[in-house]
Amino acid sequence: MTKLLEAPTTNRQPRQGRGTGPRGTAPTGSGRRPLAAAFGLLTSPKYGPVTVTGLLFVAIFVIGGFRYRGFFSGQVFLNLFVDNAYLIVLAVGMTFVILTGGIDLSVGAVVALSGMIAASLLQTGWSPGVVIPIILVLTSVLGLLVGLMVHVFKVQPFIATLAAMFLARGLCYVISQSSISITDPTFVQLAVSRIPLGAGLSITPSVIIALVVVALAVWVLHGTRFGRTVYAIGGGEQSGLLMGLPVARTKVLVYVISGFCSGLAGVLFTFYTLSGYPLTAIGTELDAIAAVVIGGTLLTGGYGFVLGSVLGVLVLGVIQTILTFEGTLSSWWTKIFIGALLLVFIILQKVLTARRR
Amino acid sequence: MASNRLFWPVVMLLVLFAINLVAFPGFFEITVRDGQLFGSLIDILRNGAPTLIIAVGMTLVIATRGIDLSVGAVAAISGAVACSIILGSPAPGSLATVAVAITVALLISLVLGVWNGFLVAALGIQPIIATLILMTAGRGVAMLITEGQILTVNSPPFKFLGSGFWFGIPVAVIIAAVVFGLAALITRRTALGMFIESVGINPEASRQAGVRARGLLFAVYTFCALCAAIAGLILTANTAAADANNTGLFIELDAILAVVIGGTSLAGGRYSLLGTLVGALVIQTLVTTVYTVGIPPIATMVFKAAVVTIVCLLQSPTTAEALSGFRRRLAVRSGKGVAAS
Amino acid sequence: MESTVTQQTEPAVPAPVPVVEMRGISIGFPGVKALDGVDFRMFPGEVHSLMGENGAGKSTLIKALTGVYGIDAGTITLAGERVSFAGPAQAQAAGISTVYQEVNLLPNLSVAENIMLGREPRRFGGIDWRAMRRRSAELLAGLHLDIDPGSLLGDHSLAVQQLVAIARAIDVNAKVLILDEPTSSLDADEVAELFRVIRSLKDQGVAILFVSHFLDQVYEICDRLTVLRNGTLVGEYLVDELLRIDLVQKMIGKELTALDDLEHRAHASVVDESDAATFVSASKLGRRGAIEPADLPIAVGEVVGLAGLLGSGRTELARLFGGIDRADTGELTIHGENVKLRTPRQAISKRIAFSSENRRDEGIVGELTVRDNIVLALQADRGWFRPIPKKKQDELAQSYIQALNIRPGNPDALVRNLSGGNQQKVLLARWLAIAPRLLILDEPTRGIDIGAKAEIQKLVFNLAENGMSVLFISAELEEVLRLSHRVVVLRDRNVVADLENDGLTVDSLLALIADGRVASDDEALDERAPAVAVVAVGSGDGPAASAPSTPSTEGDRS
Amino acid sequence: TSGNAASDGPKPLDELVVGFAQVGAESGWRTANTKDIQASFEEAGIELKFSDAQQKQENQIKAIRSYIQQQVDVIAFSPVVETGWDAVLNEAKAAGIPVVLTDRAVDSQDDSLYVSFLGSDFVAEGEKAGQWVLDEYADSSESVKIIQLEGTTGAAPAIDRAEGFAEVIAENPNLEVVASQTGDFTRAGGKQVTEALLKSNPDVDLIYAHNDDMGLGAIEAIEAAGMEPGVDIKIVTVDAVKDGMQALADGKINFIVECSPLLGKQLVDIVKQINDGEAPEKRIITEETTFTQEEAIEALPTRQY
Ligand SMILES: Nc1ncnc2c1ncn2[C@@H]1O[C@H](COP(=O)(O)OP(=O)(O)OP(=O)(O)O)[C@@H](O)[C@H]1O
Ligand SMILES: Nc1ncnc2c1ncn2[C@@H]1O[C@H](COP(=O)(O)OP(=O)(O)OP(=O)(O)O)[C@@H](O)[C@H]1O
Ligand SMILES: [Mg+2]
Ligand SMILES: [Mg+2]
């Protein structure tokens, strides 16, 4: 959507390897110095936003460290992953969808739904080894239905996934109106166990799962045909079709992936809260979308990275952490503060990546 | 084209009406009580008015390829501002107080709109994030104004906005009609509509053709915020209380849904205000249907999902193709029948 | 493989089986019958051309073949087998490789990916990036295109993108290669490279469909051609046996005379520099990374042509005049008065119109109607609150539809649904509608058929005579020469020469462009000249006389 | 209780730090609750760290973790939801920080995870409302039609208040809930639902709303329909916020069950007890009453929120 104002600048980067045929002599381009390379990284339409996001994240973290006692510690950093493992997984799925130019509003409700399914099935004595696969299959199927709606019936992603959101949320209520505890030993074990990293630092198994998902996603997006087709669809679906790429399959699959990730995120979320609750994760889709966009992915599709989205999640997480360390904000100032931090961040990101007009 | 796109939403509206009629035979009855129109249909119009007003602004924003998530927060702010002014004044019941309150609320919304416009048009931030900022912070501001309390005002002129009647017609409906009419008039009778569409379809081409995209975006976001503020005033006046937490909560989703059901694409470009009107009516009727039919609250969401899905699938070009193929086959068959006889 | 096709004197009944055979193809769009019972065939090892005016149905026929559009009636056979493709992917798998008319690539991906996407070399289940770069570098080198395969496609000019699209298409091991106006923004040199590749593919037995509005190119490379008019088949001919004049007549259904008198008038009416007032003048106008500071005055009623190689900076210079990009050095004066053009809008208010070469991304507004597209700039200039009355809009639209022969002539049609050439005309109409004092035309005749091109050239000419200044860019040098009073030559983003157009020839210009100095003799031209299409269309000469006579082409034609 | 701050003797009050993780600010009730707690601690001279979870359990968990890290002396919180607290409460227990629940309970087998739960009993509130209805219509021979305005679907107060009410009115078969819809705890919701339901059930006798706000919305709808609230249609609500009490005093509402947000004093007392090494009671039910019209008129002038 921002293409509006970026179009004139992004399109007209002077290219380097210039010239046409043997006659063309390249006046610039060869032998770039490291400084220029760093500058190029900052201003490149491809890597700029991610680089800037990373730098800003580090900056916020350092500033927080100066401002709050006990902030600048390894565990506070690791807790960003511990607390947001599910959001990372969500953002990964969302990145796939947004890269194709779509959007998935159903993820929050699906997180709640998979929590409800897990809690209710575990309560009736099912084994986690069965429950988790069932959840992942069900949420993937929901993603598949959304994908088919989007591709076959040309329903706008916003609406198709909004319907899915209603459906998932509604199913939560149908399963149970009240929250259900999870007492299954495996789940409890996964919830409370910590993986020590030495020096008093530790993470949870969920973090490992989330990081594996991230690594897989990076590989899929950058190392496979499917992944490149995802980018291709975002760059121009029509062109992709004319180039003979499997647009239909990819577009549907992207929603399946998002559904799967939502399901998995739901499972991680239940590790975190050990319960199913129909009202949980309301508005989480906005967090996921915000993380992806903050991470430098264009909502119109085609540009962005999974790692950027991970950074986006960390940024949201660090904002949250700052809030608790601040500890004195009333409810409304909390909201205003979140908005303000988001704003500062986005503007800095914009200013730093802005190219000469 | 537009009329075609509206076919299924209108059908859906009629189907919802029919369902209501079955559940409650008096659904279509409109009586005059104390010189005021009274009936389910009137309720639908009146309760749908705020959504429609916001959806009108949203339509224009979406046509420029944008989106505005902050409308709910803006509605809450305007309600809070108006109520706190009325509460703070020595004469809450006087027309002047209310006029001042409304004016200030609307002026503030203009500022908020310009703010959104600034982020989107001048800084080039993606609209969803730009307006997400105000969506989050704005509700905080509204709560700051009310200090988290529900401000109840006892001011008949203010209440009139939300639940009053004028010539027997609910004031809210009249306001919605005026906003709708003005928007239609201004965009369709001037070149504004064409510019909005053109910027939404191909921003760079529009820029090169001399369309002032930036100013346009400012205008559109400001207008949308103004619509949100008007809706916020109506919502607040409806219960004569400013509830910063809940006024306009999730109304952005309803508004966007109305716009899309009305056939305007979220990818920007061509828009249909008439479609938005139908969309808003469908959504409000849906809510009423849930109540009249007595769908239990736990099933409400599933029901909504079903209706939205059905409308979308019916509207789909794929369905249209399949249907026309079917019709053609029918025609061929009946044609043969005629030939044979 | 010997070209067996052309040995028959009759175009019909050649000995081998056609590799592609389409029979009775009909396709209708709402309100338009784009194709009506068209037959078409191609044989292995031939270069075939599809000819016809803008909107004749060429692109539609190609899309019918590759499964982009479903056909309403007719049959398609590929190598003797009935086929019906559900989409381009299937056609590609069956051995049909296609470059569609508008560049349909992905600006967000690298050049290498654009070439290899869908056929990436793989290793360990993933993409082998190294092999991919290597392969694409080879393919680019094959077209003599020296760009970094890792660079973003969107960073390259349209011409480069067009070449990349070609590189993609020729990599596939295809039985049939379809090129829909691949040369529309290419320079002579690139065209020569392309032809070299086409010939070698042809020798390998590939059937090649080459669509172009440049008759010279068609006559140089093609063996046979099929003519379409208004969605119907006119006939199939051997290129050698069809005079150009006849071809044109078959395409447009009547004789073409427009160019003749233009040719004569062109030389008669060169503006006398001494008494012409300078309308706009640039001094040291430049923009970092795009164009070095340049001086360029343009007189009232003068047509200035910009010549240069691909990437020489013609577009960039023109953009500064149109206010599309901001200049960061130098100044611009209009009638001696200093002006700053920060936005296109400001330029338009000074009655400067810039028509972009990239009509799809920077020109037309696809979902709007023809009428809206035509009045857009004029309306933008008037402001939103002073709408042009509906009646006036209709008049404007109608008059340009007629003047430029835009088809279909329905002002309510969506521009997106128009054929490429007709879209270009709509864009031109938009700029003519504001009655500009300086009209900047960047490749205005891209993809425009021969009749319309003549009309447009005539129009430009008449407007210039009535006092409009024109800055004209075209990859076709003789078009530049024919229209311009002055030719400004750019090289490596520098203005290297500013010449009066008297006695200038394509050859001398070429020498300048290549070497930056006026050719004193023809040493530099020896190998290059033949590849350049020098002959003006309809100049009255027979095809034999005008066909470039290179040894290689001669060898291909028996 | 396990070893807490008190084990090394009581700290002076101005050295105590209490972390309080609030649900959010989703209603006027909640804000009053927050304000009262903040004011009470200020008055007592105890430092209060406050965090607002924006209605999200995960935020609350994060806040509690952060309090553990900051080594506060007591953690108090109003759980967003009853379930899912074992892990984080175990961490608190391990760190030796006592936990007090306010307003809402947690659903845990292990009740050693918290030292005390201070709050209302939502089921009891529903029962009180039901009891009034039962008494009011004890000698009615015809069927009594009731509309129930539910709170947010899935929220604990909504579920419990419905449950308690249903249980009690089941005693009289004449009492019939003809429609039950959610009004999301808001005035607008209450008004819209009532409006629609009045059309299809014009002969309704009583409306039971899960909070005052929905009841106030219902009043608007009833008046708009040309009927008299409190007379033509009786209204019973829960909460007793000021606006509700006013309506009760005006006779537009007939009966209100109190659900007090003023937990501050009691919470401070609990914290002091813990600090002094005493064990507070495990379950402290807020002192709450019910109001009839006369009682409301009496109570109104001193009503704080
Ligand atoms: N999607 C579409 N919808 C409606 N009409 C279309 C569509 N595509 C093409 N047409 C119409 O079909 C006709 C043939 O168009 P086509 O693109 O095949 O022409 P062409 O011969 O390739 O012309 P050009 O030389 O300008 O590229 C035109 O009249 C065009 O307006
Ligand atoms: N759309 C574009 N985006 C980014 N860079 C561009 C674009 N167009 C041109 N450039 C760059 O600007 C320089 C000159 O542009 P361009 O190739 O358009 O010049 P030109 O003389 O107009 O050539 P032609 O018109 O033949 O393509 C080149 O280095 C090119 O890479
Ligand atoms: Mg074409
Ligand atoms: Mg150019």
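Here are some questions and answers about this predicted model.

Me: Before we start, what should I know about the numbering and the pLDDT limits?
Reply: Residues are numbered from 1 along each chain as its sequence is written, while chains are lettered from A and ligands numbered from 1 in the order in which they are written. Side-chain values use heavy atoms, leaving out hydrogens and water, and in this predicted model totals for chains, interfaces and linings use all residues, side-chain atom pairs count only at pLDDT 80 or more, and local features need pLDDT of at least 70.

Me: Which chains share the most contacts?
Reply: A contact means heavy atoms within 4.5 Å. Five pairs of chains are in contact, and the pair that shares the most contacts is chains A and B.

Me: How many Å separate the nearest C-alpha atoms of chain C and chain D?
Reply: Chain C and chain D do not touch. Their nearest C-alpha atoms are apart by 37 Å.

Me: How many helices and strands does chain D have?
Reply: Helices (H or I, at least four residues) and strands (E, at least two) are DSSP runs, numbered from the N terminus. By that count, chain D has ten helices and twelve strands.

Me: What is the radius of gyration of chain D?
Reply: The radius of gyration is taken over C-alpha atoms, and the globule rule is 2.2 Å times the number of residues to the power 0.38. For 305 residues a compact globule would come out near 19 Å, and chain D agrees with that, having 21 Å.

Me: And what percentage of chain D is buried?
Reply: Buried means under 20% relative accessible area, exposed means over 50%, and partly exposed is in between (1.4 Å probe, protein chains only). Of the 305 residues in chain D, the buried part is 65%.

Me: On to chain B: how far apart are the centres of its positive and negative side chains?
Reply: Chain B has 18 positive and 11 negative side chains. The centres of those two sets are apart by 14 Å.

Me: What is the radius of gyration of chain B?
Reply: The C-alpha atoms of chain B fill a box of roughly 85 × 55 × 40 Å along the principal axes. With 341 residues, a compact globule would be near 20 Å, and chain B agrees at 22 Å.

Me: How far does helix α4 of chain B reach?
Reply: Helix α4 covers residues 95-122, which is 28 residues. The expected span is 1.5 Å times one less than the number of residues.

Me: Which residue takes a positive phi just after α4(B)?
Reply: Within α4(B), several residues are buried, including B:Thr97, B:Leu112 and B:Val120. Just after the helix, a positive phi of about 70° belongs to B:Gly124.

Me: Is B:Thr64 buried or exposed?
Reply: B:Thr64 sits in the loop between α2 (40-63) and α3 (71-88) of chain B. Setting aside residues up to four places away in sequence, B:Thr64 touches B:Ile196, B:Gly200, B:Leu217 and B:Val220. Its relative accessibility is 2%, so B:Thr64 counts as buried.

Me: How far is B:Thr64 from B:Tyr221 in space?
Reply: In sequence, B:Thr64 and B:Tyr221 are 157 residues apart. In space, C-alpha to C-alpha, they are apart by 9.9 Å.

Me: What is the relative accessible area of A:Ala199?
Reply: A:Ala199 lies in the loop between β2 (195-198) and β3 (201-203) of chain A. Its phi is near 55°, a positive value in a residue other than glycine. A:Ala199 is exposed, with a relative accessible area of 79%.

Me: What is the relative accessible area of C:Arg351?
Reply: The loop between α11 (344-349) and β18 (352-355) of chain C holds C:Arg351. Phi is positive at C:Arg351 too, near 60°. This residue is partly exposed, at 22%.

Me: Which peptide bond is cis, with omega near 0°?
Reply: Look at the loop between α14 (390-403) and α15 (420-433) of chain C, where C:Pro408 is found. The cis bond runs from C:Arg407 to C:Pro408.

Note on methods: Lys and Arg count as positive and Asp and Glu as negative; His and the chain ends are not counted. The place of a charge is taken as NZ of Lys, CZ of Arg, CG of Asp or CD of Glu.
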